[in-house]
Amino acid sequence: MTPLTMVLGKDLVGLEDLDAERIRMILDTAEPFKEISERAIKKVPMLRGKTIVNLFFEPSTRTRISFEFAEKRLSADTVNIQTTGSSVQKGETLVDTARNLEAMRIDMVVMRHHSSGAARFLAERIPSNVVNAGDGRHEHPTQGLLDMLTIRDHMGRIEGLKVCIVGDVLHSRVARSNIWGLTRLGAEVAVCGPRTLLPADIRELGVHVFSRIEEAIEWADVMNVLRLQLERMQAGYVPSLREYNRVFGLTRDRVERAPRDLLILHPGPMNRGVEIDSDVADGPHSVILDQVTNGVAVRMAVLYLLAGGAPEDAAAARSSETGNG
Amino acid sequence: MDERAVQRTLARMARELVELNHGVNDLVLIGIQRRGVQLAHRLADEIERAESHRPPVGTLDITLYRDDLTAIGPRPVLGETRLPPGGIDDRKIIIVDDVCFTGRTVRAALDELADFGRPARIYLSVLVDRGGRELPICPDVVGTEIRANANQQVEVLVPELDGKLGVLLLTRPTEEP
């Protein structure tokens, strides 16, 4: 029999911290939230009176808007802070920024930060709930969750599936969250990309490594294609974007030669003609827009579960705030 | 109450609902998660048997409209909300729940339905009215009344979730479980 209540904890920092049961709990909770976005009045009063700050130290459109929709559809009051034009540019530290927000009596912080570990650092220091919206190369847990929800929607399961992550794994927090989450739920995970863009010790995470995309396609049920940051070319990781497309691009030719129907995901924003061809991105195997739709439901589920909180964690963070921390 | 008693009660409730509404036109049954859903389907079966017309059945999870959610605590597991095609505008809605106690669930259901549209009429139908209302809510059709005091619990069993149909009156130990 299913339990009547569930507890996630105070924060969502990464999927590495969650066991299979908690990951499944978030995915299952996201299911009923999908329906709310289909209503004429897309709003339920669940977070009425709660204040959520979206604190973005890096530019983001999709993730920030997705979180904002999730918050607004749960009736929270939201404030967006982008670092350009804020006191952060004047040299304020992360903790000072957060404490000033706390002083204005907020309830949750959704943070994107360029430093790996920033989300945990903040979570341990403020009593508000903290949701990691991407920290450096570390994790982007809600993206990992929405990828898993989309895969489960289309394949009916995660356990036993073969999922290959293609591209710039080295710089990708999306890749790490996918690897943690998918392996916890019993999928086989592989990575594929140029050696310069794969971490040297990636096998330690329990993944296969393919150096040719043809082999990866031969093996996989699901391809999750990462964005190739255009800056990587200037930094010398890849010789040219055209060559990257020729060697690692997901082209129609390659997809058509796959031994089984592939499911194709991309976290966006896409570089059409670089890591993925337009034919494939808009083709029948692509579920890229389903990912975007599911993103709102997953984030609503996370906010719903975190609002139940873990009071003892909040108390611990409060004492570190008032103490010498 | 055993299975046959509940079955007889549901048959009578179905007749009363049709009588109250002067027929089955525009009637929609909305079951409140979780056990209201199964009861709504059973009432629809009974109405169909008597009137040769099965009213559509929807489901409603009122968790996100509860008035005690802001308190920190474990989150209730959410059920499905699915209203029948055609929506609820200008239709006659019967909210179906297993037990009516404080009335707070019904308050939440009324608020949630208001976000879906404007029904012509909303009725409330419960299998058990146990008294103890904290809000001015009064069911239109009641299966049975049970005078239960504060440390007693009324449990409705449905075959889909509990393996059988019935109503139990449990007395809780003096300490909270």
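Student: How many helices and strands are there in chain B?
Tutor: Chain B has four helices and eight strands. These are DSSP runs, numbered from the N terminus: helices are H or I with at least four residues, strands are E with at least two. This is a predicted model: local features need pLDDT of at least 70, side-chain atom pairs count only at pLDDT 80 or more, and totals for chains, interfaces and linings use all residues. Residues are numbered from 1 along each chain as its sequence is written, chains are lettered from A and ligands numbered from 1 in the order written, and side-chain values use heavy atoms, with hydrogens and water left out.

Student: What pattern does chain B follow along the sequence?
Tutor: It reads α-β-α-β-β-β-α-β-β-β-α-β.

Student: And what radius of gyration does chain B have?
Tutor: 16 Å, which agrees with the value near 16 Å for a compact globule of 177 residues. The radius is taken over C-alpha atoms, and the globule rule is 2.2 Å times the number of residues to the power 0.38. The C-alpha trace of chain B spans about 50 × 40 × 30 Å along its principal axes.

Student: Now chain A. How many helices and strands?
Tutor: Chain A has 13 helices and ten strands. Its radius of gyration is 20 Å, close to the 20 Å the rule gives for 325 residues, so chain A is as compact as a globular protein of that length.

Student: On to the interface. How many residues are in contact?
Tutor: 18 residues of chain B are in contact with 25 of chain A, with contact meaning heavy atoms within 4.5 Å.

Student: What area is buried between them?
Tutor: About 1,900 Å², with carbon and sulfur atoms giving 62%. That is the accessible area (1.4 Å probe) that the two parts lose on being put together, summed over both. Leu64(B), Arg75(B) and Val77(B) supply 34% of what chain B buries against chain A, more than any other three residues.

Student: Which residues form the salt bridge?
Tutor: Glu112(B) and Arg39(A), with the closest N and O atoms 3.1 Å apart. The rule wants a side-chain nitrogen of Lys or Arg within 4 Å of a carboxyl oxygen of Asp or Glu. The count between the chains is one.

Student: Which strands join across the two chains?
Tutor: β1 of chain A (residues 5-6) and β3(B), joined by two bridges and running antiparallel. Strands pair if DSSP finds at least two bridges between them. Thr5(A) stands opposite Pro76(B) in β3(B).
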